[in-house]
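Dear colleague,

Please find below the structure that I am handing over to you, together with its sequence. My notes on what was found in it follow.

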Amino acid sequence: MTEGYFDALETRSADQRAADLAAELPALIAHAKAAAPAMAAHLDGVDPATVTGPDALAGLPVLRKSALGEKQKAAPPFGGFATLAPSGFRHVFQSPGPIYEPGGGARDWWRIGRFLNAIGIGAGDLVQNCFSYHLTPAGMMFENGAAAVGAAVLPAGTGQTELQARAMADCGVTAYSGTPDFLKVILDKGDALGLDLSRVKRAAVGGGALFPSLRAEYADRGIACYQSYGTADLGNIAHESPGPDGSVEGMIVDEGVIVEIVRPGTGDPVPAGEVGEVVVTTLNRDYPLIRFATGDMSAVLAGTSPCGRTNMRIKGWMGRADQTTKIKGMFVRPEQVAELVKRHPEIQRARVVAGRDGEQDSMKVLIETEAGEGFAAAAADSVAAVLKLKGAVELVAPGSLPNDGKVIEDTRTYG
């Protein structure tokens, strides 16, 4: 690390960053075309030597997650977008969809270490990692990042709140990683059990929105809580980084990706400051996704971070360009709602409503049906199986749901 920074890349001048990118980007695209068959087909006719910066990159086609999924069905597990065979990676993950992602063992392969270092987590810390270690990659992403900064890890995973609280107290945990609201569940359980959890001073959260009221509640307990924005496919995209007074202004784009903000449904960049869809090119030679459309919305934030890091900033996650919604750290997709309807002839239409219950995400599934109340239990079982989340099921009369085309409604506010 360099004077508190993860490396010298974080403080480059704009001219140096552009010069470095002009050398790295053509080499990345040439490598992807040579070693990843699906990416070669996607970039057919593109001369790598001509793609030396964001302006030229904007002329390349956008790769959408739906296309990635279709390619994976034809050529599992990675659809021809990875440059290594599955056995060449440390891990292979499965996210809902299903979508398969590779995981490497190299230092800071997902670039989470850069985020942890920025918020003060490092050697001497014991991180209770409450991201899932089962099939999905988030647990290993933060495990890899903690190793990169020299922090020890308690691999806690999800659930088992009382055991989590006791482990946090017994082991002297100093930092937390996981979804924003699960830390409160653990802290509240610790309070109920009379446990001392005061050694926890920092929290690195992701997988859901960090609401201002929840951040303030953690601050009142002496816990500095900061969030990152990333995906299973791309790793870390951007992260908060506090200034000298601990305040944050937007999120700093990671040095291992190129972020564009484009008009939803197109690949056309929007003017700076305008809200659009986040499109990311990752400089990862093992899994070089070029112009990958995340479906997330954000905007460029003008100026430079007071922390001294010089890369572009974005305003953070500002909702979805499509109806896909993250609830309790898991994506719920329109295709899953369609599968739920197909499972039961009694269901005419269904609508997932994401909300908040105190400081936690909630999910309610409204089902149009003429079936009696006894059908609710069967529907709830299918909701858990298909959506991979438990939620309240409410049976409503046929024709009562709004005729607006929505199958997923997010009623949460992100002020």
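In these notes, a contact means heavy atoms within 4.5 Å. On that basis, residues 24 or more positions apart account for 63% of the contacts in the chain with a separation of 6 or more.

Please note that this is a predicted model, in which local features need pLDDT of at least 70 and side-chain atom pairs count only at pLDDT 80 or more, while totals for chains, interfaces and linings use all residues. Residues are numbered from 1 along each chain as its sequence is written, and side-chain values use heavy atoms, with hydrogens and water left out.

Overall form. The radius of gyration (taken over C-alpha atoms) is 22 Å, which agrees with the value near 22 Å for a compact globule of 415 residues; that rule is 2.2 Å times the number of residues to the power 0.38. Along the principal axes, the C-alpha atoms fill a box of roughly 65 × 55 × 45 Å. Buried residues (under 20% relative accessible area, with a 1.4 Å probe and protein chains only) make up 50% of the 415 residues.

Secondary structure. The chain has 11 helices and 21 strands. These are DSSP runs numbered from the N terminus, with at least four residues of H or I for a helix and at least two of E for a strand.

The open sheet. Nine strands form an open sheet with mixed pairing, in the order β5-β4-β6-β7-β8-β9-β10-β15-β14; two strands pair if DSSP finds at least two bridges between them. The edge strands, β5 (152-155) and β14 (300-301), each pair on one side only.

Strand β6 (residues 175-178) pairs in the parallel sense with β7 (residues 202-205) over 4 bridges. Within this pairing, Ala 175 has Arg 202 as its bridge partner, and Tyr 176 has Ala 203. Strand β4 (residues 126-129) also runs parallel to β6, joined to it by 3 bridges, and here Asn 129 is partnered by Ser 177. Both faces of β6 are covered: Ala 175 and Ser 177 are buried on one side, as are Tyr 176 and Gly 178 on the other.

Thr 282. This residue lies in strand β12 (residues 276-282). Thr 282 counts as buried because its relative accessibility is 2%. Beyond neighbours within four places in sequence, Thr 282 is in contact with several residues, among them Leu 28, Arg 111, Leu 234 and Tyr 287. Asp 233 is 49 residues from Thr 282 in sequence, yet their C-alpha atoms are 9.4 Å apart in space.

Yours sincerely
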